[in-house]
Amino acid sequence: MPEQLEWDFERFKREWPRDLAAHVREAYRIDLTARYLGETLPHPIGKGSGQLSLSAGQLEDDASAGLAFVVLKTLIAEDETGARTMAAWAVHETKMKVEARRAADGRDGWTVTWKGRGWDRSLADYLALVRAGRDLTRAGRLLVVPSVKYHLPRLDEAFRDAEYRHTTAALAAAWGEKEPPLLLEKDFSPTLAGDPLADDRAQILRWLGEVPHRIRAASPLPVKVAVKLMNARFDDTFQVEMMQATRDADALVCFNRLFDTQRDVAYGGWDLSDRNLRVLNFYRPLPTSTDRYRLLVGTGNICSGRMILEYASRGCESVQLHTFFQLPLAEYPATYGSRSQRALHALVFHPEHGLIAGMRDLEARGTLDRRNGELHFLDVSSHAHRAS
Ligand SMILES: Cc1cc2nc3c(=O)[nH]c(=O)nc-3n(C[C@H](O)[C@H](O)[C@H](O)COP(=O)(O)O)c2cc1C
């Protein structure tokens, strides 16, 4: 087995298996099946919303590379007149800088420095992208999910339901009625965490309690809502409180990047994964919770298969990455293919840090058992739920 992994790692630097998950299952008896918002995925690795999911061409490349899912860039919601209360987030900014970032404990990691915010083109352009994503989803090539930032009122204000209605109905129409439900991610971004709007805990808890319900009420199609939680500028206990306040969400994406108030930018690296994993360590689904609470998705500083397993062992059924798809080419062991493909190669096949190596270690330590002769990725997260 170790030889097979070395061999695959070497040969897949230059060529790529037609069906990654099928190959892993056949060669290693490892079932990588994962889930996002209740949808079955061939493996857990997807792309988080951002600058890498802005065009149909990027989606096509990711489908060819074999990513399991892609979340589209976050759209800023509007009402039927085109008015957007969150217009301050529709900032046009193209320049991104991939930089080393040293964590508080001295470890060196990566971050992407970027001053932009949400989708900066028209709703019509976004709907065209949703239709391209829908076609790939229906063809079974790549699960594509839109992401939206809707109006978030102050405590003494009402929600602008017109924004929720108009934008959600437009997305539902673009998605079509053939294959409901509509899947949707609601972004609470790091720049929001850094905004005076998010200074008030009660205000944040109100948003989290009400927003999923408002999206559901606004949608003409059955809809499943994943809430991508921001890392609020409060302590870990409040972060858990936020998770529990998001009662009506079908899934929680844990958690968007940290916010550096001095430099006025969002950042990632080891500080981000440390914070996220620490909070997930002491999150417990409420005793009265339904399965809804159990659907967790990890994000933040995922640069190895072992880090995927860190999130999975805290209950995450899939993961979404951004920074690892942006590294300088020399950082990937593969010498061929798109960045998505090279990233997948390292995440899955790296003989020391990859997902296969990590799952086989869990087996060796007695933490993961074979069922019908196979190791199952989803058993890693379901063990976390049982333990809690
Ligand atoms: C340049 C950039 C733009 C991003 N834009 C969005 C966005 O529009 N909506 C969103 O939900 N997350 C956005 N993110 C967050 C990523 O999807 C991801 O959750 C986060 O960066 C943590 O993962 P990472 O450490 O792998 O980058 C963005 C991240 C980066 C680096």
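Figure 1. The ligand is surrounded by 27 residues, the closest being Gly48, Ser49, Gly50, His322 and Thr323. A residue is near a molecule if its C-beta atom, placed from the backbone, lies within 6 Å of it. The shell comprises seven nonpolar, 16 polar and four charged residues. Ala, Val, Leu, Ile, Met, Phe, Trp, Tyr, Cys and Pro count as nonpolar, Asp, Glu, Lys and Arg as charged, and the others, Gly among them, as polar. Residues are numbered from 1 along each chain as its sequence is written. This is a predicted model, in which local features need pLDDT of at least 70 and side-chain atom pairs count only at pLDDT 80 or more, whereas totals for chains, interfaces and linings use all residues.

**Figure 2. The closed barrel and the pairing of β15.** Eight strands form a closed barrel in the order β4-β5-β8-β9-β10-β11-β14-β15, with parallel pairing; two strands pair if DSSP finds at least two bridges between them. Neighbouring strands of this sheet are turned by 30° against each other on average, direction ignored. Strand β14 (residues 296–299) runs parallel to β15 and is joined to it by four bridges, with Leu296 partnered by Cys316 of β15. Three bridges join β4 (residues 45–47) to β15, also in parallel, and Ile45 stands opposite Val319 in β15.

**Figure 3. Burial of β15 and helix α10.** Six of the six residues of β15 are buried, so this strand is largely enclosed by the rest of the structure. A residue is buried if 20 or more other C-beta atoms, placed from the backbone, lie within 10 Å of its own. In helix α10 (residues 305–312), the buried residues are Gly305, Met307, Ile308, Leu309, Glu310, Tyr311 and Ala312.

**Figure 4. Packing of helix α7 against α8.** Helices α7 (residues 201–218) and α8 (residues 236–245) pack at about 30°, with axes 8 Å apart; axes are lines fitted to C-alpha atoms, for helices over the stretch in contact, and angles run from 0 to 180 degrees between N-to-C directions. The two helices are therefore roughly parallel, a term for angles under 35 degrees. Arg201, Ile204, Leu205, Leu208 and Gly209 of α7 meet Phe238, Glu241, Met242 and Ala245 of α8, contact requiring C-beta atoms, placed from the backbone, within 7 Å. These residues divide into six nonpolar, one polar and two charged.

Methods
Parallel < 35°, antiparallel > 145°, perpendicular 65-115°, else oblique. Contact = placed C-beta atoms within 7 Å. Buried ≥ 20, exposed ≤ 12 C-beta atoms within 10 Å, placed from the backbone.
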